[in-house]
Amino acid sequence: MTTDQDAPDVAGSPAPTGAATPDPLANAGDTELWLERTGKRQYVGRSSRGAQVRIGSVGDPEAFSPGELLKIALGACSGLSADAALVHRLGDDVRVTIRVGGATHPTEDRYPALAEVMEVDLSGLDDATRDRLLTVVHRAVDQHCTVGRTLEHGATTTLTVSGER
């Protein structure tokens, strides 16, 4: 387990001795994120902006499992990354549905692959315009979807339990 003392900096390399270590809990827009336990295997995820989401086990009513949230985060990131291109070509009222999935590995308790399908009606576009839009959408997602890029490049994770040495 990585401890606070040897936690890597944001680039993945150990921070030089004496250098200021970036806050490992920093988020965009100075948003604070936390979870609170609400029952057996149940939590509520919260943000300092007032957002909340119920989290539990697969099958818990009105709650997402952590794996479901991971998949939704990936799809949402792709949608947000592609949104400007889709709106530019198809209008402010363009309907987009992004389906996400990925089965767990039977013995390793992880997702070996995740998949997304972005459903959008492109039937009103000629072939050249459709192909250009698809190129722009893929490029936008490849360049700006932080969640997808993180998964593709592999992020390190650290856990510190308060009171841990």
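What share of the 165 residues in the protein chain is buried? Buried residues, meaning those under 20% relative accessible area with a 1.4 Å probe and protein chains only, make up 19% of the chain. The structure is a predicted model, in which local features need pLDDT of at least 70, side-chain atom pairs count only at pLDDT 80 or more, and totals for chains, interfaces and linings use all residues. Residues are numbered from 1 along each chain as its sequence is written, and side-chain values use heavy atoms, with hydrogens and water left out.

The protein chain has three helices and five strands. Helices (H or I, at least four residues) and strands (E, at least two) are DSSP runs, numbered from the N terminus. From that end on, the elements follow the order β-β-β-α-β-β-α-α. Among contacts (heavy atoms within 4.5 Å) in the chain with a separation of 6 or more, 36% are accounted for by residues 24 or more positions apart.

Three strands form an open sheet in the order 1-2-3, and their pairing is antiparallel. Two strands count as paired if DSSP finds at least two bridges between them. In general, strands of a sheet pair through backbone hydrogen bonds, either parallel or antiparallel. Strand 1 (33–39) and strand 3 (52–55) are the edge strands, each pairing on one side only. From one strand to the next, the twist averages 25 degrees.

Strand 2 (residues 42–47) pairs with strand 3 in the antiparallel sense over four bridges. Within this pair, Val-44 stands opposite Arg-54 of strand 3, and Gly-45 stands opposite Val-53 of strand 3. The two strands form a hairpin with four residues between them, and Gly-50 in the turn has a positive phi of about 95 degrees.

Ser-47 belongs to strand 2 and is buried, with a relative accessible area of 8%. Leaving aside neighbours within four places in sequence, Ser-47 is in contact with Thr-31, Glu-32, Leu-33 and Trp-34. Thr-31 lies in the segment before strand 1. At 9% relative accessibility, Thr-31 also counts as buried. Not counting residues up to four places away in sequence, Thr-31 touches Ser-47, Ser-48 and Arg-49.

The largest nonpolar core has 13 residues. Such a core is a set of buried Ala, Val, Leu, Ile, Met, Phe, Trp, Tyr and Cys residues joined through side-chain atoms within 4.5 Å. Ala-82, Leu-86, Val-120, Leu-122, Leu-133, Val-137 and Cys-145 touch the most other members. Helix 1 (66–90) and helix 2 (127–144) each supply at least two residues of this core, and the largest share, five residues, comes from helix 1. Leu-133 touches Ala-85, Leu-86, Arg-89, Leu-90, Leu-122 and Leu-125, residues up to four places away in sequence not being counted.

Helix 1 and helix 3 (residues 146–153) pack at an angle of about 120 degrees, with their axes 7 Å apart. Helix 1 is therefore oblique to helix 3. Axes are lines fitted to C-alpha atoms, for helices over the stretch in contact, and angles run from 0 to 180 degrees between N-to-C directions. Angles under 35 degrees count as roughly parallel, over 145 as roughly antiparallel, 65 to 115 as roughly perpendicular and the rest as oblique. Leu-70, Ala-73, Leu-74 and Cys-77 of helix 1 meet Thr-146, Val-147, Gly-148 and Leu-151 of helix 3.

Conventions
Buried < 20%, exposed > 50% of the residue type's maximum accessible area, 1.4 Å probe, protein only.
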